[in-house]
Amino acid sequence: MSTKSKTFGAKKPSFYIKTFGCQMNKKDSALIRSLLERNGFQWADHIDRADIVLINTCSVRDHAENRARSHIAALRRWHEQGGRRLGIIGCMAQRLSTDLAVDFPFVDFILGPDSYRDIIRLIDELAARNSRLIKTDLGDETYCGMYADRTGVTDFVAIMRGCGNFCSYCVVPFVRGPIRCRPHEDIAEEIEHLIGQGVKEIVLIGQNVNEYEFKGVDFAELLARISRIPGLLRLRFLTSHPKDFD
């Protein structure tokens with residue numbers, strides 16, 4: 001993965017992430033921030049001081065999509081100030097990529113939830129092509145081996161992605177793909193990484209955490225293994241489903 005940004009030459013660009021939606025989106029934003037910072041990008045504490053802005057979107061309700069759309073529309077003038085890049089990422093980007101490209105022609109790139117591992121390469125490619133980029137492929141991505149830096153004394157760890165329940169009221173299987181569980185060893189390594197940075201409480205997250213199963217390790221066994229990690233003072237989880245409690 002490239003460690004330089006061709007978008008701004010020798011200058012290391014600054015970036016800002018605006019996040020809408022659930023804890024999974026917030027965790028994804030933290031992961032992207034850590035990845036960009038490790039590759040020389042600089043975090044901006046305000047949109048006006050950023051060279052790149054990412055809008056991490058949610059599709060769980062119309063209200064969430066409408067808020068994101070309003071925010072994106074308001075960034076047209078920001079984008080016109082030259083040399084700036086605007087990206088839409090997340091669930092709404094996955095669900096409405098074509099519509100968003102038409103409605104917001106000033107947006108530079110649109111990425112679905114499975115495309116974050118390649119975000120440095122994609123930003124470089126965007127500059128080299130000098131054209132818009134859309135990447136919304138859904139696959140088996142779990143971001144194994146990619147750990148965000150801590151966000152506080154309490155932090156979230158995603159143990160799975162996607163969902164296979166296809167409830168009539170829920171869009172998750174369509175925008176985040178089928179259920180994929182992370183290896184339990186990788187989950188433990190991320191938690192140890194966060195504890196080493198001062199985290200005391202871990203919240204396990206997933207669309208349906210007690211559906212977790214990886215190579216014979218179910219959710220109950222995962223909880224037992226994590227609870228034995230030195231330095232962890234509190235362990236919680238969300239969200240679970242009654243149908244998966246034995």
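A pocket, on a 1 Å grid over the protein atoms alone, is an open set of points where a 1.4 Å probe fits, with protein on both sides within 12 Å along at least five of seven lines, and its lining residues have an atom within 4 Å of a point. Helices (H or I, at least four residues) and strands (E, at least two) are DSSP runs, numbered from the N terminus.

The model is predicted, so local features need pLDDT of at least 70 and side-chain atom pairs count only at pLDDT 80 or more, while totals for chains, interfaces and linings use all residues. Residues are numbered from 1 along each chain as its sequence is written, and side-chain values use heavy atoms, with hydrogens and water left out.

**Exercise 1.** Describe the lining of the largest pocket, and state which element gives the most to this lining.

*Solution.* Begin with the space itself, which is about 450 Å³, where a volume is the space filled by probe spheres set on grid points joined across faces, edges and corners. Of the 22 lining residues, Cys22, Met24, Val60, Val172 and Gln207 are the closest to the centre. Next, look at the elements: α1 (23–38), β8 (160–161) and α7 (172–176) each supply at least two residues, and α1 gives the most, with three.

**Exercise 2.** Find which element provides the largest share of the lining of the second largest pocket.

*Solution.* This pocket has a volume of about 300 Å³, and among its 17 lining residues Lys26, Ser29, Ala30, Arg33 and Thr151 lie nearest the centre. Two or more residues come from each of β1 (14–19), α1 and β7 (154–158). The largest share, eight residues, belongs to α1.
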